[in-house]
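Take each task first, then compare your steps with the solution.

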Amino acid sequence: MGGQVLLFFSLLSLGSVFGQVSYSIPEEMPKGSLVGNMARDFGLDVKRLKSGKARIFTRDSDGYIELNNEKGVLLIKDRIDREALCGQTTPCALHFKIILENPMEFLSVTIEITDINDNPPSFEKNDVKFKISESAVSGSKFILDRAVDSDVGSNGLQTYKLEPADNFVVRLHEQADGTKNVEMVLDKPLDREKNEHLSLVLTAVDGGEPQMTGTMQILITVLDVNDNAPVFTQPIYKASIKENAPVGTVVVTVTATDSDQGSNGRITYSISSILDHARGLFEVNDASGEIRLKGNVDYEKARTFQINIRASDDGGLVDSCKVMIEVIDINDNKADIHILSKSNVISEDAVAGTVVTMINIEDTDSGENGKVHCSINNDIPFVMKSSTNDFYTLVTDSGLDRETASEYNITVTCSDEGVPSLSSSVTLTLQISDVNDNAPVFDSSSYEAYIVENNTPGLSIFTVRARDADWNQNARVSYILEDSSVNGVQVSSYVSVSADSGVIHAVRSFDYEQIKDFHFRVKAQDGGSPPLSSNVTVKMLIQDQNDNPPQVLYPVQTGGSLVAEMVPRSADVGYLVTKVVAVDVDSGQNAWLSYKLQKATDRALFEVGLQNGEIRTIRQVTDKDAVKQRLTVIVEDNGQPSRSATVIVNVVVADSFPEVLSEFTDFTQDKEYNDNLTFYLVLALAVVSFLFITCLVVIISVKIYRWRREQVFYKSTGNLPVIPYYPPLYADVGGTGTLKQALSYEVYGTTDSRMSDMKCSRPFSQSTLTVDHSATRTVPRHNTESENMLTEQKPPNNDWRFTQGQRPGPSGPHMPYGTHIRWTPKSGTSATGGPEVAMGTGPWPQPPTEAEQLQALMAAANEVSEATATLGPGTMGLSTRYSPQFTLQHVPDYRQNVYIPGSTATLTSNPQQQQQQATAQQAAQQALPPAQMAAQMSAQMSAQMSAQMSPQPEPPKAAQTPASKKKSTKKEKK
């Protein structure tokens with residue numbers, strides 16, 4: 001039957017909303033098997049299934065069938081066992097609905113599950129025992145346990161077979177309710193003496209293909225005669241029990257009688273057979289026949305139970321009866337509320353009748369207990385409508401307004417009609433989405449704002465505020481200044497409005513004397529789409545400020561001419577001399593003026609009216625009064641702070657005009673030069689300050705320049721070691737008195753070079769100098785770090801050595817710009833005299849010949865030329881070093897050591913080179929002109945004589961430190 005689907009289709013059209021289709025499939029179909037093409041059978045397009053979000057709604061069978069929206073077919077979701085789903089109920093069917101939205105549709109689908117032969121017949125017990133009297137007559141009946149086959153129809157239990165069939169046969173006895181009892185009928189009498197125990201096999205056979213069977217063994221013990229079997233008082237017992245009855249409740253009591261006595265008359269009760277759904281729920285007392293409740297019964301699961309009770313005596317005779325138990329329903333189930341679909345948010349402009357939620361209601365009770373009515377809370381614009389028996393829809397009943405209620409908590413309550421009634425409820429929260437249906441509203445219909453003149457541009461003046469009852473973006477208010485003009489000028493050049501806060505700012509500084517008030521309109525617009533707006537008129541009033549001093553109109557002050565008022569000497573008290581007239585362009589109390597006499601030549605003669613500015617005499621004019629009178633009148637306003645103006649009134653006391661002219665010539669004008677004097681004083685102070693700062697900057701610059709030069713000099717000499725002077729050590733050996741040349745160390749370095757190097761030479765090796773180890777020992781000394789460093793010099797090349805006789809220049813301790821370091825060897829040996837020993841101090845060891853003197857002069861001249869060509873400024877001033885005043889005493893002793901700059905080699909005597917040098921010296925002397933030769937000779941002779949006449953040269957001083965050099969420089973400056 002795999003792959004075959006029997007389709008029964010019936011479509012009930014209820015407009016375009018409801019339909020029904022039935023399918024028939026066998027049980028145990030594999031997952032994914034096709035049940036039917038739902039879309040084709042209902043006449044629906046596959047696109048409609050997708051757009052309507054088609055889905056299956058069922059309460060108990062959603063695990064078996066699934067809907068494929070892509071193809072519109074129903075498929076097997078899980079294995080279907082008809083016996084587990086329906087038991088013995090036929091036909092067995094799955095009922096569910098397919099729900100589509102937009103518009104809402106309900107499609108009913110029924111799938112009938114047909115049975116296949118997948119369960120064999122089975123007995124509750126594997127064996128059963130009987131005790132049968134041998135006196136049992138033929139035709140005696142023995143009730144056997146029925147076999148149970150979960151399959152139905154032709155696949156169910158069909159017949160029984162009993163083997164062997166020597167004494168017994170099996171028969172089926174059909175009852176009034178359609179069930180069949182299995183009876184084992186004695187066909188031939190038993191003979192206990194022949195066979196006391198019998199073993200039979202009862203086989204139950206079903207009608208399926210292939211045929212399946214079940215067996216039970218029957219063990220029979222033949223007893224002695226027991227001729228009366230138990231008999232029940234009635235063949236069928238009926239009872240009822242409530243579904244919530246507690247365990248142990250007595251359902252019914254069965255009774256059987258036996259005419260025998262003794263053990264043959266003692267009856268034992270037992271359950272012979274029971275259906276599967278009743279197993280474990282009931283038990284029978286084997287002695288009293290009471291049937292008690294052993295488990296919990298549920299009306300919604302099983303409404304009736306059938307039990308077969310067997311009564312047997314000890315003689316083996318039995319009888320049976322049937323017990324029918326009916327379950328009474330009670331109201332023990334609340335209505336189950338299932339939300340099919342709901343909207344959490346609905347727009348406030350939704351029309352009446354808009355579906356909000358779809359609800360399915362089910363109560364598993366029966367009768368009145370299963371009738372359900374649903375309602376919602378009052379005072380809300382929603383109503384519940386019933387679309388079918390178990391389906392309700394929640395729709396809007398009237399218009400919605402988010403500003404009145406932005407959220408609704410709708411409680412759906414469903415109650416049954418049972419006694420007592422049971423109810424269940426569910427609360428739905430519905431948000432009302434906003435629509436831009438409210439325009440911004442200003443707090444006032446018009447505004448008046450005040451600002452004092454002479455304000456700062458950008459000053460905050462006033463704030464207009466509007467409120468919008470909408471929400472979020474629809475309630476976001478922006479303020480806009482509407483275009484208009486004030487006296488022909490755009491209002492935007494006077495004020496501005498902040499779009500977010502509504503604050504009005506002044507764009508310019510206002511002048512009350514030019515404009516006193518003006519009007520403009522501000523529009524408030526929300527952020528909805530389309531936006532809504534409203535307008536308001538703002539009247540801006542400029543408040544006066546005392547920013548203008550009084551202006552004197554009379555008397556007119558002129559710079560070129562002098563105006564004077566004439567007062568006759570006969571003037572009486574209160575005579576009106578003149579009147580000071582002034583005005584103030586401000587308004588209010590800022591324009592109230594008062595007049596005061598600030599200064600006068602004669603205060604006792606005149607007074608000024610405080611309010612009118614009239615100048616009058618306060619006494620009689622006399623001859624003693626001065627002809628020329630000068631009055632200074634101050635005019636003040638009443639502002640805060642007050643402003644003032646002064647006017648000078650010249651008054652002449654005279655009776656006639658000629659007298660006025662005669663006196664008027666002496667009325668000289670004062671030269672007000674104070675302003676010019678102040679200007680010149682400020683200018684002079686600025687010039688002096690500038691000169692002082694300039695001098696200060698120049699002095700500081702000169703100081704910094706000198707300090708940097710000193711720092712550069714110190715940095716250039718910072719790498720030179722400061723070596724103190726050590727007096728030479730002598731050992732008196734044979735009258736020569738000097739150390740060996742092998743122990744003489746000389747260090748040379750420039751004094752003004754940033755790349756100064758210290759050149760140290762290793763003492764001459766034993767190959768060039770002869771050491772007499774038998775010399776007198778001197779005081780031993782310890783090696784120093786400098787000595788260890790100096791002894792690490794590489795040995796000089798033998799080719800660059802000269803003998804003592806070949807070294808040009810005088811000997812002696814004074815090496816210009818160099819420092820001699822004399823060491824006494826640790827071994828304590830002293831130097832002996834010899835031809836190759838360097839003389840420490842004093843004159844030449846032997847008087848120099850003319851050739852040696854000429855050789856020294858030539859060497860000095862060559863060094864001067866080389867130094868002039870190679871050394872730049874700042875080295876050592878060689879022109880001064882080799883000036884004519886420089887004697888032979890200052891010439892380096894080239895006979896002792898000759899150093900090559902940048903090399904550690906020391907030039908010493910080489911016997912092969914002595915002859916070549918002597919020849920070169922003679923050739924050089926011959927190459928000189930006679931005049932130059934005579935001049936050189938005379939210079940040499942004079943230098944030699946001055947050297948002999950001069951005292952013994954002092955030992956060289958220690959090298960100067962930067963501090964000592966600085967002190968010597970200061971002394972030189974002084």
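**Exercise 1. Is Arg619 buried, partly exposed or exposed, and which residue does its side chain meet in a salt bridge?**

Solution. Start with accessibility: Arg619 has 24% relative accessibility. Buried means under 20% relative accessible area, exposed over 50%, and partly exposed in between, with a 1.4 Å probe and protein chains only. Arg619 therefore counts as partly exposed.

Next, look for the partner. The side chain of Arg619 meets that of Asp602 in a salt bridge, at 2.9 Å from N to O. A salt bridge here is a side-chain nitrogen of Lys or Arg within 4 Å of a carboxyl oxygen of Asp or Glu.

Arg619 sits in the loop between strand S50 (614-617) and strand S51 (628-637), and Asp602 in the loop between strand S48 (593-600) and strand S49 (606-608), so the pair ties together parts 17 residues apart in sequence. Strands are DSSP runs (E, at least two residues), numbered from the N terminus.

A note on the source: this is a predicted model, where local features need pLDDT of at least 70 and side-chain atom pairs count only at pLDDT 80 or more, while totals for chains, interfaces and linings use all residues. Residues are numbered from 1 along each chain as its sequence is written, and side-chain values use heavy atoms, with hydrogens and water left out.

**Exercise 2. Find where the salt bridge partners Arg521 and Glu482 lie, and then examine Glu83.**

Solution. The closest N and O atoms of Arg521 and Glu482 are 3.5 Å apart. Arg521 is in strand S42 (residues 517-526), and Glu482 is in the loop between strand S37 (477-481) and strand S38 (485-486), so this pair links distant parts of the chain, 39 residues apart. Arg521 is partly exposed at 35% relative accessible area, and Glu482 is partly exposed at 22%.

Now turn to Glu83, which forms a salt bridge with Arg82, the closest N and O atoms being 3.7 Å apart. Both Glu83 and Arg82 are buried. Shared partners join Arg82, Glu83 and Asp115 into one network. By the salt bridge rule, the count comes to 20.

**Exercise 3. What is the strand order in the open sheet of four strands, and how is S30 covered?**

Solution. The order is S25-S27-S30-S29, with antiparallel pairing; two strands pair if DSSP finds at least two bridges between them. The edge strands, S25 (336-342) and S29 (382-386), each pair on one side only. The twist averages 25° from one strand to the next.

Follow S30 (residues 391-396) on either side. Five bridges join S30 to S27 (residues 355-362), and Val355 stands opposite Val395. S29 and S30 also pair over five bridges, with Lys385 partnered to Thr393, and form a hairpin with four residues between them.

For the faces, recall that side chains in a regular strand alternate between the two faces of the sheet. In S30, Phe391, Thr393 and Val395 lie on one side and Tyr392, Leu394 and Thr396 on the other, all of them buried.

**Exercise 4. Which residues have the most contacts inside the largest nonpolar core?**

Solution. A nonpolar core is a set of buried Ala, Val, Leu, Ile, Met, Phe, Trp, Tyr and Cys residues joined through side-chain atoms within 4.5 Å. The largest has 29 residues, and those with the most contacts inside it are Phe232, Val254, Tyr269, Phe282, Phe305, Ile309 and Val323.

Key:
Axes fitted to C-alpha atoms, helices over the stretch in contact; angles between N-to-C directions.
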